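Here are my notes for a first look at this structure. Please read them with the model open beside you.

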Amino acid sequence: MSNPTFNSPTLYSALSVVGLGWYVVLWSIGLLGCRIGRTRYRLRPGSPLATSPDAPGVSILRPLKGLDTNLYENLASTFVQEYPNFEILLSVADEDDQALTVVRELMSQYPQVNAKIIIGEEIVGVNPKVNNLVKSYRQATHDILWVIDSNISVAPGTLARAVDILDEPSMSQNPSKKRVALVHHVPFATEHEGYLGAQVEAAFLNTNHAKMYLAINTVAFESCVVGKSNLYRRSDLERVNGSLKPRKKTDPNEGEYGLAVFGNFLAEDNMIASALWHELDVRHDLSCDVAHNAIGKMTLADYVWRRVRWIRVRKHMVLAATILEPFTENLVASSIAAASLNYLFGVSAWVFLAIHHSAWLWVDLDVYESLAGYPLPAHQRWKFLGAWCIREMLTLPIWILAVCGNEVTWRGKRYQVLRAGQVRRRGTEGTRNGGFWRWMWRQEGDSLSQYEPIDEAI
């Protein structure tokens, strides 16, 4: 005999109502992100700081390793910033690093720019980007730091507009409004070499990721930062230690503080942002500029394991959000809504899904247009649509794979993810059986060697 409790129409009706309610919430978030994209990114005004003699000084920190895709253009974009007072510190761990050839060429081309090469890392943890940055961080002349990855290029007015936001006198004009302690830029990806994984990554970053990123940062109920391009003050970072416990200005600095503390986190970018947010009770803000993220040789396996890696890190940082993640994705949410509408009102699931996916794609394309500054080019539409569909179909399998493990491979080394996203080094013994998993694990180990801190805060 079946259990009447679980066959009750009342229960099915309640679950259907909850499903529809969640669907409405998810669409509200998506439409908010779409609207913010239109209002914030389709018009990028100039900044008075671009020509101001009183502009505060900024130290631009660029950690480098090898010849990243589009490296010359990426680095050149910081040399041509329309800002009167900045220095550039370009750091490498090894004096034989190939990136130095490009750096020296740029320094000779722009002799008027105050640029320095910093050679040698300081091992403060497992995160090679942090190890590479520590010397530049300490040698920087200015308090305002702009940490920007080597695979990122930006528009000439980006720095001035970011400093405008970071330096705004909000607290003096409105004491109830929290001070901005970090300015970040939404990534916008461009793939250069035709790899399928790169196309899928670009379809993800330029649509759903951007849409959710903009919406979450607009609501601002929690820190949500990707570390591709971040502006903050060294004096603020020297007051946080990653504990996420509120601190007062009068509290003594006992123990370790500053950048080196975050060397044991894979997602050091998100952890730094969270520490500023929670420990100093400040806020973050987005600029109206994007961080143009050049993607090179990324296979589909690289894409899969990249997503797996960061979901596993997030699982130990924000467990509730990670568990909820599949329900924010297109296919799962639309399936729940289709079943709910069919049960409550007899709406054809196939008709609903056709309308839903068309509308969802339209919103994603609108977000793309807002960030790119132009519609998706006609010759790229079918390629984009294919990558977009692959991304949507892979979301749930990737999530299931990610939550079933705690190990990640990063730059050829294996780590176990610990509490709050910290990691410890693991050995090389195998943990998977079967030909498919051996192949996938090998692909993960062969992933690209450049710094890869995208990652997602959502």
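Which residue's side chain meets that of Arg391 in a salt bridge? Point 1 takes this up.

1. The partner of Arg391 is Glu329, with N and O 3.1 Å apart. Keep in mind that this is a predicted model. Arg391 sits in helix 14 (residues 381-403). Glu329 sits in the loop between helix 11 (319-324) and helix 12 (330-345). The two are 62 residues apart, so the pair links distant parts of the chain. Arg391 has a relative accessible area of 4% and is buried. Glu329 is buried too, at 9%. Buried means under 20% here, so both values qualify.

2. Next, look at Lys129 and Asp149. They form a salt bridge whose closest N and O atoms are 2.9 Å apart. Lys129 belongs to helix 4 (residues 128-139), while Asp149 is in the loop between strand 4 (144-148) and strand 5 (152-153), so the bridge ties together parts that are 20 residues apart in sequence. Lys129 is buried, with a relative accessible area of 3%. Asp149 is also buried, at 1%.

3. A further bridge joins Asp364 and Lys211, at 2.8 Å from N to O. Asp364 lies in helix 13 (residues 349-372) and Lys211 in helix 7 (residues 196-219). These positions are 153 residues apart, and the pair links distant parts of the chain. Both Asp364 and Lys211 are buried.

4. The whole structure holds 24 salt bridges. Some residues join up in a network: Arg38, Arg42, Asp366 and Glu369 are linked in this way by salt bridges.

5. Turn to Gly33 in helix 1 (residues 9-41). How far apart are the C-alpha atoms of Gly33 and Thr218? They are separated by 8.1 Å, although the two residues are 185 residues apart along the chain. Gly33 has 0% relative accessibility and counts as buried.

6. One aromatic cluster is formed by Phe188, Tyr368 and Phe384.

7. Asp94 is in the loop between strand 2 (86-92) and helix 3 (99-109). Is Asp94 buried or partly exposed? At 40% relative accessibility, Asp94 counts as partly exposed. The range for that class runs between the 20% limit for buried and the 50% limit for exposed, so 40% falls inside the range.

8. Asn70 has a positive phi, near 65 degrees, and is a residue other than glycine. Asn70 is found in the loop between strand 1 (58-63) and helix 2 (71-79). With 25% relative accessibility, Asn70 counts as partly exposed.

9. The other angle belongs to Asp281. What is its phi? The value is positive, about 55 degrees, and Asp281 is not a glycine. Asp281 lies in the loop between helix 9 (268-280) and strand 8 (283-295). Asp281 is partly exposed, with a relative accessible area of 47%.

Key. Residues are numbered from 1 along each chain as its sequence is written. This is a predicted model: local features need pLDDT of at least 70, side-chain atom pairs count only at pLDDT 80 or more; totals for chains, interfaces and linings use all residues. Side-chain values use heavy atoms; hydrogens and water are left out. Rings of Phe, Tyr and Trp (its six-membered ring) pair if their centres lie within 6.5 Å; planes under 30 degrees apart count as stacked, over 60 as edge-to-face and the rest as tilted. Helices (H or I, at least four residues) and strands (E, at least two) are DSSP runs, numbered from the N terminus. Buried means under 20% relative accessible area, exposed over 50%, partly exposed in between (1.4 Å probe, protein chains only). A salt bridge is a side-chain nitrogen of Lys or Arg within 4 Å of a carboxyl oxygen of Asp or Glu.
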